[in-house]
Amino acid sequence: MNLTRYQSAYERYKEKIANVGSHEMVINMGPQHPSTHGVLRLELITDGEIVKEIIPHLGYLHRCFDKHAESMNYTKTIPFTDRLDYLASMNNSHSFVMGVERMLGIDHKIPKRIEYIRVLVCELNRIASHLIAIGTYGIDIGAFTPFMWCFRDREHIMNMLEWASGSRMLYNYIWIGGLFYDLPVGFEDRCKEFLDYFKPKLIELDELLSTNQIFISRTANIGVLPADVAINYGCSGPMLRASGIKWDLRRIDAYSVYPEIDFDIPVGKGEMGALGDSWDRYKVRVDEVYESVRIIEQCLERLVKDFARTPDFDPRALVPKKVNLKEQDYYVRSENPKGELGFYFVTQEKTDIPRRVKARGPSFNNLSVLPELGKGVLIADLIAVLGSIDIVLGEVDR
């Protein structure tokens, strides 16, 4: 069945290329092009500078995550989740760990200090991921300064997460049943110092891009994504919210301690152009950074007061030596910086190795709408559309 489908799609593709008119061109954008943000190849059919059709080609960075996860136990898989969206490793492992904990029935036993630490590091990682999205988007459009500012501030977050986990980018910090280790002594104070430094820098970054007339001209009314199209393509995260839909799994599924935290869900408003355009997608990410700062402040307050460290606190107390599960199918999802990250498990008895694991990466679904968004735009505007999606190829081509 799959082979027949593939052959049918391949025949349609060959027919499409064969029918290219004498006034049209077939142009490859990537996988070397810097604005494709990795090894993505876009085959464009153009009429002069106008993009008539986009054919994305994947398969240049196959991480084999799903098969890795089916060949080792649940605990050993966590370092591989870090390598999906490698810019948001904490969020990936949090989602995977929550699924296993729910299947084990220990999700309600996790101490509140552990849950608040998980949310704290995940929101720090969300800010770091959005800073990459904003900075690289600026440089895609031609603004170099925001790129430098974003990487400068992200460096502080990476230093803190490295202090907590011992690793700079691929953390393996959130474990099934707990954490690799408690936060280092003084982490809360250092994190607060970072927020005091970062909040005025964020306002400065926001003002530099959001009201910049050149940036607005390049992004407003470009790549407009209507809400119904976003839903039909399975878009999620900032892509979906920029189209005006208030859908955030931290609120919808109310997982971890997010129900105890006060924060808003930014959505697109069409302030500079049409609702759901590239500017809206950029602005939603900026506004989400503001909200993540609020979440981190509340986590720090609870970790210092209500759930302060004690000498007898053991973050590994509930970490199982072996994950024994009954046969079941289970799907878990969470809000990673790019959208809905999900893991579908098919477990088997008498072994701690799953029969099947399927990762649902948000970048893949968000990227799938590109041929719809890119029809009829200029080649230069296609760069603005692609950058506004914010993809990571490790998650696209698992």
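I take buried to mean under 20% relative accessible area, exposed over 50%, and partly exposed in between (1.4 Å probe, protein chains only). Helices (H or I, at least four residues) and strands (E, at least two) are DSSP runs, numbered from the N terminus.

**Entry: ground rules**

I am working with a predicted model: local features need pLDDT of at least 70, side-chain atom pairs count only at pLDDT 80 or more, and totals for chains, interfaces and linings use all residues. Residues are numbered from 1 along each chain as its sequence is written, and side-chain values use heavy atoms, with hydrogens and water left out.

**Entry: helix α15**

I looked up α15, residues 379-389. Of its 11 residues, 10 are buried, so the helix is largely enclosed by the rest of the structure. I listed the buried ones: I379, D381, L382, I383, A384, V385, L386, G387, S388 and I389. D390 follows α15, and its phi is positive, near 60°.

**Entry: helix α7**

Next I checked α7, which covers residues 187-210. This helix has 24 residues and reaches 32 Å from its first C-alpha to its last. That is close to the 34 Å expected at 1.5 Å a residue; the expected span is 1.5 Å times one less than the number of residues.

Where does α7 kink? I found a kink of about 30° at F198, shortly before the proline P200. The bend at a residue is the angle between axes fitted to the seven residues ending there and the seven starting there.

I then noted buried residues in α7, among them F187, C191, F194, F198, L202 and D206. What covers the buried residues of α7? The cover includes α5 (112-141), α6 (145-165), α8 (213-219) and α12 (278-304). Covering here rests on contact, meaning heavy atoms within 4.5 Å.

**Entry: salt bridges**

I counted a salt bridge where a side-chain nitrogen of Lys or Arg lies within 4 Å of a carboxyl oxygen of Asp or Glu. The structure holds 34 of them.

One joins the side chains of D206 and K283 (4.0 Å, N to O). This pair links distant parts of the chain: D206 sits in helix α7 and K283 in helix α12, 77 residues apart. Both D206 and K283 are buried.

Another joins R294 and E291 (2.9 Å, N to O). Both lie in helix α12, three residues apart, about one turn of the helix. An α-helix has 3.6 residues a turn, so residues three or four places apart point the same way. Is R294 buried, partly exposed or exposed? R294 counts as partly exposed because its relative accessibility is 25%. E291 is buried, at 12%.

I also logged D306 with R302 (2.6 Å, N to O). R302 is partly exposed, with a relative accessibility of 24%.

**Entry: E291 again**

Which residues does E291 touch, leaving aside neighbours within four places in sequence? I found F263, D264 and P266. The C-alpha atoms of E291 and K358 are separated by 30 Å, and these residues are 67 apart along the chain.

**Entry: R241 and its network**

A network of salt bridges links E123, R126, R241, D248, R250, E288 and E335. I followed R241, which is found in helix α10 (residues 238-241). R241 counts as buried because its relative accessibility is 0%.

The side chain of R241 makes a polar contact with that of E288 (2.5 Å). A polar contact is a pair of N or O atoms within 3.5 Å; within protein, one must be able to donate a hydrogen and the other to accept it, and residues adjacent in sequence count only if both atoms are side-chain atoms. Beyond four places in sequence, R241 is in contact with residues including W247, D248, I265, V284, E288 and E335.

How many bridges join β6 (residues 329-336) to β7 (residues 339-346)? Eight do, and the strands run antiparallel. Two strands pair if DSSP finds at least two bridges between them. β6 and β7 form a hairpin with two residues between them.

**Entry: A220**

Last, I looked up A220, in the loop between α8 and α9 (227-232). A220 is buried, with a relative accessible area of 9%. Not counting residues up to four places away in sequence, A220 touches M272, G273, D277 and W279. The C-alpha atoms of A220 and D280 are separated by 7.8 Å, though the two residues are 60 apart along the chain.
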